[in-house]
Amino acid sequence: MKKYIIAIFILLSISIFFAISQKEKDLYQIEKQDNVELAIYINEEETNAIPSKDSGYYLDLEKSICTNNAIIQFDTSTWSPVIKNMSEYKTRCELHFGSTYKETILNGTDPVLEEPLIAVTIDNDGTVRKASLANEWYSYENKEWANAVILFDESENYEDGEIISEDAIESYFVWIPKYRYQLWDLGQYDSVTEIDTSKVHEIPVIFGDYNTNDNVDGECTTPMESGATGNCQIVAYMTHPAFLSIPSTGFWVGKFETGYNETNITDEAEQNVIDSSKIIVKPNVYSWREIQLANAFYTSYDYQRKLDSHMMKNTEWGAVAYLQHSKYGSTTSVRINNNSNFITGYQANDEPTCGNTRSGVESMDCNVSCSDGTCNTAYPNSVLASTTDNVTGIFDMSGGALEYLMHGTKTDANVFVSGISSTLNSGFKGIYNDGTNNTTGLDWPNKKYYDLYLYTTNRYQFKDRILGDATGEMGPFSQIEFLDTYSLQISSWYNDTTFRWVIAGLWFQRGGAYYDGYGSGIFQNTSYDAIATWDCSFRLILTPTGGTS
């Protein structure tokens, strides 16, 4: 009796399998199909195996074709081809792999592309074209950073060199390769003194997929390695901490502040919700603001799980800032986005001549802020507001909206701090200042998604930093009285403001806002209580770990 039951079960299973197969023919793993004949070519030479994921080859989808109108694609997560529009007839597919372009100075930290990211080049006029992975589509040596886009319709295909319309693009991203940087100041400042502008310098970086820390003994400098004569000068380099918590050779950062899709006025972009479907990262859109820290995190987290999307951390901001001030970036003060409507990608026509305008100072009198078009310039002509002084860089890192960064703070008892009170908090679970708990908040994520700082009530503890986060290393610091109303701390780097609120306003805001004038900048940092506020946005990070496609 049992044999009959087993036989019936097997027959039923086979019937269900074929029913599903006939109903859903649009996705087949090639290596599992008997009715597929597979021919594999590497640089036009036939071979008997698909190259490994780390071999440096990519699937050329333009050359890779199938018979019977089947369509071939490539799954970079499983590193295997798939067929869409498959029929029941024998199908022959050709897979053509080509050598991927790699830049020598990156030492293996070239961009990691996984679907739905599409590598692109951007013309000076902002025209976006699908990049050929076989040809040079980025050059960090020439300050041309790698760019990629995600489309609204992820199934849409483009040929190499074909223009991708702005209407088709949902989000832009820029690749930050893994690197070490030369330590110059351990940032042991616990008070304000006088600034020292001689501290501003080009930050030496070395690209490469290896890990060191600030206790490293040192190594030869680049001039010696390139053939200079004389004794080797030993200097200390440290792998930037932003790269230590991710299993990747770099990360993709949102090219602009995160925007809110389908808005017609700036107020419509003020939404304190978790809704990743509304994310856009584009120029000339309204920055998403009025969102509490926890909601901003989970909106970012839900955006592209297969690309390990998350909200930018403070150390990740620091990694972008230090690369900007290396020989591979603009190495200057990033021009402010002074658009008073919080529109992304703008640049002030002139350097601000005064600071914060919230006390009623007329903005036009000091070149601080204005509505679009009168004293500023829109993307793509806003390259002075880019990290590279060209269209390939990252925008809105000075001015625009303030940006919350993802990090946490714990008490001496190892308990997360949620905020000051039930009305002034991050939205995460944790303790309030009065000792009560926020038990209804959202859960803290995996520790790789946040930086952890000490709980402090000393606003001058600049040494309470993480090396590489572009805070404590920007000293020494001074204090100025401004407009008879404000008392601000400024750093030695371009007078960018740096301010730690006492008690529980411990969440960093970076870059400054459009109204902050010369106090804004890529090295600017203040802190707040993580509530939803009209002038604060957030930025996306993607950390894919696979190969190219």
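Here is a quick look at the aromatic contacts in this structure.

The model is predicted, so to speak of local features takes pLDDT of at least 70 and side-chain atom pairs count only at pLDDT 80 or more, while totals for chains, interfaces and linings use all residues. Residues are numbered from 1 along each chain as its sequence is written, and side-chain values use heavy atoms, with hydrogens and water left out.

The structure holds 39 aromatic pairs. Rings of Phe, Tyr and Trp (its six-membered ring) pair if their centres lie within 6.5 Å; planes under 30 degrees apart are stacked, over 60 edge-to-face, and the rest tilted. Here are two of them:

| Pair | Type | Centre to centre | Between planes |
|---|---|---|---|
| Phe 256 and Tyr 379 | edge-to-face | 5.3 Å | 90° |
| Tyr 494 and Phe 523 | stacked | 6.5 Å | 20° |

Phe 256 and Tyr 379 link distant parts of the chain, 123 residues apart. What about burial? Buried means under 20% relative accessible area, exposed over 50%, and partly exposed in between (1.4 Å probe, protein chains only). Phe 256 counts as buried because its relative accessibility is 0%, and Tyr 379 is buried too, at 7%.

Tyr 494 and Phe 523 tie together parts that are 29 residues apart in sequence. Tyr 494 is partly exposed at 27%, whereas Phe 523 is buried at 1%.

There's also one aromatic cluster whose members include Trp 137, Tyr 138, Tyr 140 and Trp 145.

Finally, charges over rings (NZ of Lys or CZ of Arg within 6 Å of the ring centre and within 35 degrees of the ring normal). Arg 305 lies over the face of Tyr 301, 3.6 Å from the ring centre, and the charged end of Lys 410 sits over the ring of Phe 416, 4.6 Å from its centre.

How values were computed: Helices (H or I, at least four residues) and strands (E, at least two) are DSSP runs, numbered from the N terminus.
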